[in-house]
Amino acid sequence: MRKHKAIRFLMVATVLFTQITFLTMIVNAQYETNTALIIGVLLILLTLVFGYKYLDLHHEDYAYEKIAVVIWVPIGSVLCYLLNANAGLGSILSMGIVGTLASFAPSLNKKSNYLKEIPVSIYCGAFVGMSSVETSPSIWFALAAGTLAGFFFMISKNLFLGVGGKLGTMAFAGVITATLIYSVIA
Amino acid sequence: MNNFILISTGILGATLTHFVSEQLRFGAVKASALLSLIVGLFFYAFPNVLNIYLTAHLPIVFVGTSFIGMVSSKTLKSYTLLAIAGTLFTVIYIHKNNVFDGYGGALGALAFMALLTTMGFGFLVSNYSKIMRKISLVIRKVFNSES
């Protein structure tokens, strides 16, 4: 039980940390010229922390996504990356194609519960594959970032339920972690 | 003018996706992906319809705010709050100055942030009197303990 609680705390802290980093970097880029932006970002941060504390965002039970479902995250990432970087369709169109095709997966067999769970995983992976070639230099990077995003997706099953942008946040956490590891190794 | 068009797109992206997802019962993934595909195809086929700035940023804002519209109706019902979240997303996007450009998931993370902030704001407004009562209680306690 304590292990599950620690994992949940770690995941929520990672998401909050990611958001604080994002906002801090925006302020850092133009803090000398834009005072209103600093005040705005501070207000957003305060409301965010308030939201984390008081909004009912998580399910009480501890649960993790099945590996058979999570495996589709790196697959979605690689597919989107191939369309985006190799075929040169661009990130938006590639993500749209992969996401739309994935959303029709349940139509293959309407009785299958497994097929109903796949579109969300593939769509999460497609966000990872939207990375530019500068950020994601090879297909192996896309695969690694997709796998990490899949890990975050797995442990966040009962967290941030129904909140839009959750999949993107998991993808972003995967890409950032992969970039950090890559910069240490390279 | 460009910013006004982007903000309008942000509002449209969030509300339209939510409408297609919940009212037309497409589901969150199909609604967001299908609308993004339509917008992406349009700008792929007609790259010179709008000016360079809007051609570069309008599809990104639409796709980013469509992630906001993926919110379930159990979590957020109000179209007004969705519009506020879409506006907030666009304002942050306009000011973000290439931060995390090219990082997959950055738009989703921004959408998540905008939505959570809006939901927090909505909670704050709807529980205003309760929160003010608690704050005044704390202030009274502090003053009483000091005197």
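Visitor: How many residues of domain 1 of chain A are in contact with domain 2 of chain A?

Guide: Take contact as C-beta atoms within 7 Å. In this predicted model, 7 residues of domain 1 of chain A meet 7 residues of domain 2 of chain A. On the domain 1 side, 4 are nonpolar, 2 polar and 1 charged.

Visitor: Where do the two domains of chain A lie in the numbering?

Guide: Domain 1 covers 2–54, and domain 2 covers 67–185. Their centres, over C-alpha atoms, are 23 Å apart.

Visitor: Which elements make up the secondary structure of chain A, helices or strands?

Guide: Helices. Chain A has 8 helices and 0 strands. Read from the N terminus, its elements run α-α-α-α-α-α-α-α.

Visitor: Where is the place of E60(A)?

Guide: E60(A) sits in the loop between helix 2 (35–54) and helix 3 (67–70) of chain A.

Visitor: Is E60(A) buried or exposed?

Guide: Count the neighbours. E60(A) has 6, so E60(A) is exposed. E60(A) and F50(A) are 10 residues apart in sequence, yet 19 Å apart in space, C-alpha to C-alpha.

Visitor: How many residues of chain B are in contact with chain A?

Guide: Interface size is often given as the accessible area lost when the parts come together. Here we count residues instead. 46 residues of chain B are in contact with 50 residues of chain A. On the chain B side, helix 2 (28–45), helix 3 (52–68) and helix 5 (106–126) each supply at least two residues. Helix 5 of chain B gives the most, with 15 residues. By class, the chain B side has 28 nonpolar, 15 polar and 3 charged residues.

Visitor: Which residues touch the most other members of the largest nonpolar core?

Guide: The background is simple. In soluble globular proteins, nonpolar side chains tend to be buried together. The largest nonpolar core here has 97 residues. C124(A), A149(A), I68(B), L110(B), A114(B) and L115(B) touch the most other members. Helix 5 of chain B contributes the largest share of this core, 11 residues. Domain 1 and domain 2 of chain A each give the core at least three residues. Now look at A114(B). Beyond its neighbours within four places in sequence, A114(B) is in contact with I68(B), A85(B), L88(B), F89(B) and I92(B).

Visitor: How many residues does helix 8 of chain A have?

Guide: Helix 8 of chain A spans residues 166–185, 20 residues. First C-alpha to last, it reaches 29 Å, close to the 28 Å expected at 1.5 Å a residue.

Visitor: Which residues of helix 8 of chain A are buried?

Guide: Buried here means 20 or more other C-beta atoms within 10 Å. Among the buried residues of helix 8 are K166(A), M170(A), F172(A) and A178(A).

Visitor: What covers the buried residues of helix 8 of chain A?

Guide: Both chains take part. The cover includes helix 1 (2–30), helix 6 (113–129) and helix 7 (139–155) of chain A, together with helix 3 and helix 5 of chain B.

Key. Residues numbered from 1 in each chain as written. Chains lettered and ligands numbered in written order. Predicted model: local features only at pLDDT ≥ 70, side-chain atom pairs only at ≥ 80, totals over all residues. Domains from an automatic or database assignment. Contact = placed C-beta atoms within 7 Å. Nonpolar A, V, L, I, M, F, W, Y, C, P; charged D, E, K, R; others polar. Helix = DSSP H or I, 4+ residues; strand = E, 2+ residues; numbered from the N terminus. Buried ≥ 20, exposed ≤ 12 C-beta atoms within 10 Å, placed from the backbone. Core = buried A, V, L, I, M, F, W, Y, C linked by C-beta atoms within 7 Å. Expected span 1.5 Å × (residues − 1).
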